[in-house]
Amino acid sequence: MRIIVADDEYFARKAIVQMIADWDPDIEIIEAEDGAAALEAVESLSPELLLTDIRMPGMDGIRLAALIQERGLRTPVAIISGFDDFSYAQQAIKYKVENYLLKPIDRQELYPLLDRWKYLQARSREAARESVLADAVYGEAELVCEPGLYAQTAAIRSSSGRLAALTKSAKEWIAKRCVDGLAVPDKHEAGLLVVWACYRSESMDETGGLKFMCDTYVRQAAEEADETVAAAGVSGLFAEPRRLEEAYKQAKTAALQSALTEGGQTVPGAELAARYSYDALALREWTDAFRRKTDKLQEQEAIGMIRQWLDEAAARSYSAYMLQDWFATIVNLLNGLAGRLPGEAGTGFIAWRGLFEYASLKALGDDLAARLQEIVARVKENESKADIVEHLKQYVDENYKNRIVLEELAASTYFVDPSYLSRLFKRKSGMGFAQYVLTVRMEKAKRMLESDPSLSVADVATEVGFNDYSYFIQMYKKVYGETPGKFRSGHSPGGQL
C-alpha cells in the first residue's frame, strides 16, 4: 500500500514519513516537495492516501485536492495546516478532503487517522473482492485466483435473523482453514448464504471442508429449533477454482434438495444424480391428468393430486430438478386457469416464487392448494354469471362475415390462453372452434342460396366471409355433398351462378 506525503518543508516532511514508517514498516511512502509533484505521483501511482501541507509554492493543498476531484482520481486526501490556516483549510471540504491535521503533527493525532484509513481500505478491498466473487458466481465475470488450488462452494439457508451471524462465522472459518474464500449473501434468494473456499489439498473435502462446516451449522440450528429449517448443499471439489458458476449451481440445487426432502442434512451436490431420480414420464402423465382436473374445476381432486405427488416425491427421492420442473408446471397451469377470467378479473396471476421460500414439501403443498382453491372459486363465480362459450358462439353468429381468429379473441376479448379456450369450446359445444365457424357460415350461405336468387354464388361467398371463391365451393361441397351451384339448381331454378 502507498501513501504520498507532500510538504515543501524538508524536516517536517521527514518527520511525518518516519512516523508512518514506525506505524507500519510495510507501507510504501512517496515524498513530494510541492503540489505539482504530488499530483503527478497521484496520477501515476494511484496511492491509497495523500497527506498534503496546505501552504506550498506553486500549487497549495486545496488546489491539489480540487484537481484530484476534477480529474476523477480516487485517492483520499488529508490536509495538514497550521492553526492560522485552519479556517482556510476547511474550504476544502467541498473537495471531499478526508481529514485535517494541525501542525506540528504528533503520533496521537496521526495514528488514529492511519488506523481508520487502514480499516476503510480493508473494508473496500473486501467489498471489491466480494463483488468480483458475486460476478463470477452468476457467470458475469471470470474469477482470477492462484493456480494449483482445489475449490468448493456451499449454499446454506438460514432465517434472516441468523444470516449475519452465519456470514461472520463462515468468514472466520475461511480465515482459519482456507487459502482463499469468501462468504456472500445470494442476490437471488433471501436467507441464502453462498460460501466459496479454496484448499491446497483435496483431502480437505473429507477432513474439514465445507461439508464439515455446513453439518455443524445445520446441527446447531436444529438443536436451537429455529423457525426456518436449516438446509445446506455442497458442490463437488473442483481442481479449477474458476468453475465457480458451475459449482454454485450444483451447491444451490443440493441445498434445495436438503431443504425440501432431507430436513436438516447437508446434501453433496456431486451425489444428486445418483441419490435422487428424475422421472420425466411420470411428470408428463401427472401434468396431463392434473390439467384435466383443473379444466373441469375439480379442485378437491386436483388438490389431492398435488399432495399425493409431493408424498411420492419424498418417498421416491425425486430430485430437486424434478421438483423445480413440477413447480413450474403447477404455476403455469394455475395461471392458465386464472386466465379464464375475462378483463381485469383475469390479472391475478401467480408470481414465480423460489422454492427456498418454503420450509418443507408440506408448506409447498399447502400454499399451492390455497392458491388453487382461490382461483377455482373466482372462475366458478365468473362462469356462473356468463358462459364464455355461449358468448363466443353469439359473437360468431353476429360476425361471421368478418375475419375471425380464435387466438386474437382469446388475447383481446376474453384474456385467456388460446389453447385453453379451444379446449373449453370443444368440450362445451362438441366441436372445434374452426368447425363451428365453418358450420355457421355454411348454414348462412345455404339460406342465402335458397332465399335470394339475385345473389350470385360469388356474392354469397363474400357475404359469409370467404375471400377465396374456389375455397368456398370446396368447403360447401365438403359440408353438403354438392356444390352451391348444383344446390341452387335443385332448389331455385331461376337462380344464377
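How many helices and strands are there in the protein? The protein has 21 helices and 10 strands, and the description that follows rests on a predicted model. Of its 497 residues, 46% count as buried. Among the contacts in the protein with a separation of 6 or more, 68% are accounted for by residues 24 or more positions apart.

Five strands form an open sheet with mixed pairing, and their order is 7-8-6-9-10. The edges are strand 7 (180–185) and strand 10 (266–268), each of which pairs on one side only. Averaged over the sheet, and with direction ignored, neighbouring strands are turned by 15° against each other. The pairings are set out below.

| Strands | Sense | Bridges |
|---|---|---|
| strand 7 and strand 8 | antiparallel | six bridges |
| strand 6 and strand 8 | antiparallel | eight bridges |
| strand 6 and strand 9 | antiparallel | four bridges |
| strand 9 and strand 10 | parallel | three bridges |

Elsewhere in strand 8, V195 is the bridge partner of A154. Continuing across the sheet, I156 has A232 in strand 9 as its bridge partner, while V234 is bridged to P268 in strand 10.

Strand 7 and strand 8 form a hairpin in which six residues lie between the two strands, and G191 in the turn has a positive phi of about 80°. Helix 5 (residues 107–137) packs on the sheet, where it touches strand 7 and strand 8 (192–199), and the direction of helix 5 makes about 80° with that of strand 7.

Is strand 8 enclosed or open to the outside? Eight of the eight residues of strand 8 are buried, so this strand is largely enclosed by the rest of the structure. In a regular strand the side chains alternate between the two faces of the sheet. In strand 8 both faces are covered, with L192, V194, W196 and C198 buried on one side and L193, V195, A197 and Y199 buried on the other. Strand 6 (residues 150–157) is likewise largely enclosed by the rest of the structure, because seven of its eight residues are buried.

## The nonpolar cores

Which residues of the largest nonpolar core touch the most other members? This core has 43 residues, and those that touch the most other members are F290, I306, W309, W326 and L372. Two or more residues of the core are given by each of helix 9 (244–262), helix 11 (280–295), helix 12, helix 13 and helix 14 (361–385). The largest share, 11 residues, comes from helix 13.

I306 illustrates the contacts made within this region: leaving aside neighbours within four places in sequence, I306 is in contact with W286, F290, W326, I330, G365, L368 and L372. Apart from this core lies another, of 33 residues, which includes Y414, F433, V464 and F466.

## A buried loop residue

S319 lies in the loop between helix 12 (299–315) and helix 13 (320–338). With a relative accessible area of 4%, S319 is buried, because the cut-off for that class is under 20%. Once its neighbours within four places in sequence are left aside, the contacts of S319 are with Q257, Y276, S277 and Y278.

## Helix 15 against helix 16

Two packed helices are described by the angle between their axes and the distance between the axes. For helix 15 (residues 388–399) and helix 16 (residues 406–414), the axes come within 13 Å and cross at roughly 115°, and the crossing in which helix 15 passes helix 16 is right-handed.

Which residues of the two helices meet? From helix 15 come I388, H391, L392 and Y395, and these meet L406, L409 and Y414 in helix 16. Sorted by class, this contact of helix 15 with helix 16 has six nonpolar residues, one polar residue and no charged residues.

Notes. Residues numbered from 1 in each chain as written. Predicted model: local features only at pLDDT ≥ 70, side-chain atom pairs only at ≥ 80, totals over all residues. Heavy atoms only, no water. Buried < 20%, exposed > 50% of the residue type's maximum accessible area, 1.4 Å probe, protein only. Contact = heavy atoms within 4.5 Å. Core = buried A, V, L, I, M, F, W, Y, C linked by side-chain atoms within 4.5 Å. Pairing = 2+ DSSP bridges. Axes fitted to C-alpha atoms, helices over the stretch in contact; angles between N-to-C directions. Left-handed = near helix turned anticlockwise from the far one by under 90°. Nonpolar A, V, L, I, M, F, W, Y, C, P; charged D, E, K, R; others polar.
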